[in-house]
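These are my notebook entries on a structure that I had not examined before. I set down each point that I looked up, in order.

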Amino acid sequence: MSRNAKINTLLLLVVAALAVLPLALGLGDHKEEPFTGADAEAETAITELQPEYEPWFSPLYEPPSGEIESALFALQAALGAGVLAYYFGLRRGRRQGAARAGAAGTEAAGTQGVPAAAEADTKTGIGTGTGTDAGPGTRTGSDSGAGAAPGVRAVDGRDA
């Protein structure tokens, strides 16, 4: 079994234990509603500490039952998870597509008789030409830097 498979199995077992242990150990049996949310717990604690406390505002929509409230919360969580999964999947797909395009470009260049090193140089604008330096920023001679990325200058000073 690979290292990633072991880690995934371990994480799955931990999640299952977190879901089953509270039920198996009977946590919350002494409460009227054993597994209420943090909002309800906070409201109970506040009313115990200061019974005269009045909330500043009321919710816009009050679900008719706790089950519907839980269902709406689960729907909200599922939609958020779906948006995150879509975003990360899109990023991964773009990265894989770019890697495939780069690999296909290198393979295509290799089949045309151009060495891979020369192809890499023409993409960066370095070029594989010959010539002599004629002073700062100039170069004379031929250059095969054409075809470089837009905005990149070839060795002889021309826009590639």
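What percentage of the 160 residues in the protein do buried residues make up? I found that the buried share is 7% of the 160 residues. I note at the outset that this is a predicted model.

Entry on the overall fold. I looked up the secondary structure and recorded four helices and two strands. Along the sequence, their order reads α-α-α-α-β-β.

Entry on contacts and surface. I took the contacts with a separation of 6 or more and asked for those between residues 24 or more positions apart; they account for 18%. For the accessible surface of the protein, I noted a total of about 13100 Å². Carbon and sulfur atoms hold 63% of that surface.

Entry on the start of the chain. I turned to M1 and placed it in the segment before α1, the helix that covers 3–24. Is M1 buried or exposed? M1 counts as exposed because its relative accessibility is 74%, and the cut-off for exposed is over 50%. Leaving aside residues up to four places away in sequence, I recorded that M1 touches K6 and T9.

Entry on a charged patch. I looked up which residues form a negative surface patch and listed D39, E43, E62 and E69. I then located D39 in helix α2, which comprises residues 38–49. D39 has a relative accessible area of 68% and is therefore exposed.

Entry on a nonpolar patch. Which residues make the nonpolar surface patch of about 680 Å²? I listed L60, Y61, I68, L72, L75 and L79. From this group I followed I68, which has its place in helix α3, residues 66–111.

Conventions: Residues are numbered from 1 along each chain as its sequence is written. This is a predicted model: local features need pLDDT of at least 70, side-chain atom pairs count only at pLDDT 80 or more; totals for chains, interfaces and linings use all residues. Side-chain values use heavy atoms; hydrogens and water are left out. Patches are made of residues with over 30% relative accessible area and no salt bridge: like charges are joined within 9 Å, nonpolar side chains (Val, Leu, Ile, Met, Phe, Trp, Tyr) within 5 Å. Accessible areas come from the Shrake-Rupley method with a 1.4 Å probe; for residues, only the protein chains shown count as cover. A salt bridge is a side-chain nitrogen of Lys or Arg within 4 Å of a carboxyl oxygen of Asp or Glu. Lys and Arg count as positive and Asp and Glu as negative; His and the chain ends are not counted. The place of a charge is taken as NZ of Lys, CZ of Arg, CG of Asp or CD of Glu. Buried means under 20% relative accessible area, exposed over 50%, partly exposed in between (1.4 Å probe, protein chains only). Contact means heavy atoms within 4.5 Å.
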